[in-house]
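Biologist: I would like to learn how to read the features of a model such as this one. Please show it and take me through it step by step.

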Amino acid sequence: MRIGHGYDAHAFEAGRDLVLGGVRIPFPRGLAAHSDGDVVVHALCDALLGAAGLGDLGRHFPDSDPRYRGADSRGLLRHIVSLLDARGLRVHNADLTVVAQEPKLAPHREAMAANLAADLGVSAGRLNLKATTTEGMGFTGRREGIAVHAVVLLEETGEPGGPGEPGERGGAPSPRGA
Ligand code: MG
């Protein structure tokens, strides 16, 4: 097992779409960024890279590279999953906390989680996404932006490039059975 943590924060910016977990959320402001500003995906990517010992998102997809201008962050996420796959690393589970005073994320939580689970290639029970406010405190509380924390657990399968959920390759079934 390998554990990884990711954190990212972006400031709100008028005139941009708000994209969180690959879901376009109706809101007057988006997040300032070189890419699509999907801070949820960015934190998850950094957690995955951290667990794999592969650095961080900025190292793989530099802000200075025009190829990533307006980039769909889910494409970056899927690329990182393929890097892990090639090293025999498989996502066991991930847990994310979105810190935002607004907008309300509950109506979008399921769609966001489904996108992320699909990109990670895991069942819904292995991807947990939750949201909280900070009761008006700090930069998120002042509605200046959104922050996200992500924690992931990877399994070293010893089988580079193999598909499937943990426990589905003839080994002992996963005790978690998700
Ligand atoms: Mg970012």
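Modeller: Start with a cut-off: a residue counts as buried when its relative accessible area is under 20%. Keep in mind that this is a predicted model.

Biologist: Is Asp8 buried or exposed?

Modeller: Asp8 has a relative accessible area of 17%. The cut-off is under 20%, so Asp8 is buried. His42 also counts as buried, at 7% relative accessibility.

Biologist: Which protein donors does the magnesium ion have?

Modeller: The protein donors are Asp8 through OD, His10 through NE2 and His42 through ND1. They lie 2.0 to 2.3 Å from the magnesium ion. Along the chain, the spacing of these donors is D-x1-H-x31-H.

Biologist: How is the packing of two helices described?

Modeller: In general, one gives the angle between the two axes and the distance between them. Here, helix α1 (residues 39-52) packs with α4 at an angle of about 35°, and the axes are 12 Å apart. The crossing of α1 with α4 is right-handed.

Biologist: Which residues make the contact between α1 and α4?

Modeller: From α1 come Val40, Val41, Leu44 and Leu48, and from α4 come Met112, Leu116 and Leu120. Sorted by class, this contact has seven nonpolar residues, no polar ones and no charged ones.

Biologist: Now the strands. In what sense do β5 and strand β7 pair?

Modeller: β5 and β7 (residues 145-156) pair in the antiparallel sense, over ten bridges. Within that pairing, Thr97 stands opposite His149 of β7. With strand β6 (residues 127-132), β5 runs parallel and is joined by six bridges. There, Val98 has Ala131 of β6 as its bridge partner.

Biologist: How many of the eleven residues of β5 are buried?

Modeller: Nine of the eleven are buried, and β5 is mostly covered.

Biologist: Where is Pro103 placed?

Modeller: Pro103 sits in the loop between β5 (89-99) and α4 (106-120). Its relative accessible area is 12%, so Pro103 is buried.

Biologist: Which residues is Pro103 in contact with, leaving aside its neighbours within four places in sequence?

Modeller: Those residues are Leu18, Ile25 and Phe27. For a comparison of sequence and space, take Pro103 and Thr133: they are 30 residues apart in sequence, and their C-alpha atoms are 9.9 Å apart in space.

How values were computed
Residues numbered from 1 in each chain as written. Predicted model: local features only at pLDDT ≥ 70, side-chain atom pairs only at ≥ 80, totals over all residues. Heavy atoms only, no water. Helix = DSSP H or I, 4+ residues; strand = E, 2+ residues; numbered from the N terminus. Buried < 20%, exposed > 50% of the residue type's maximum accessible area, 1.4 Å probe, protein only. Contact = heavy atoms within 4.5 Å. Axes fitted to C-alpha atoms, helices over the stretch in contact; angles between N-to-C directions. Left-handed = near helix turned anticlockwise from the far one by under 90°. Nonpolar A, V, L, I, M, F, W, Y, C, P; charged D, E, K, R; others polar. Donors = N, O, S within 2.8 Å, 3.2 Å for Na, K, Ca; no water. Pairing = 2+ DSSP bridges.
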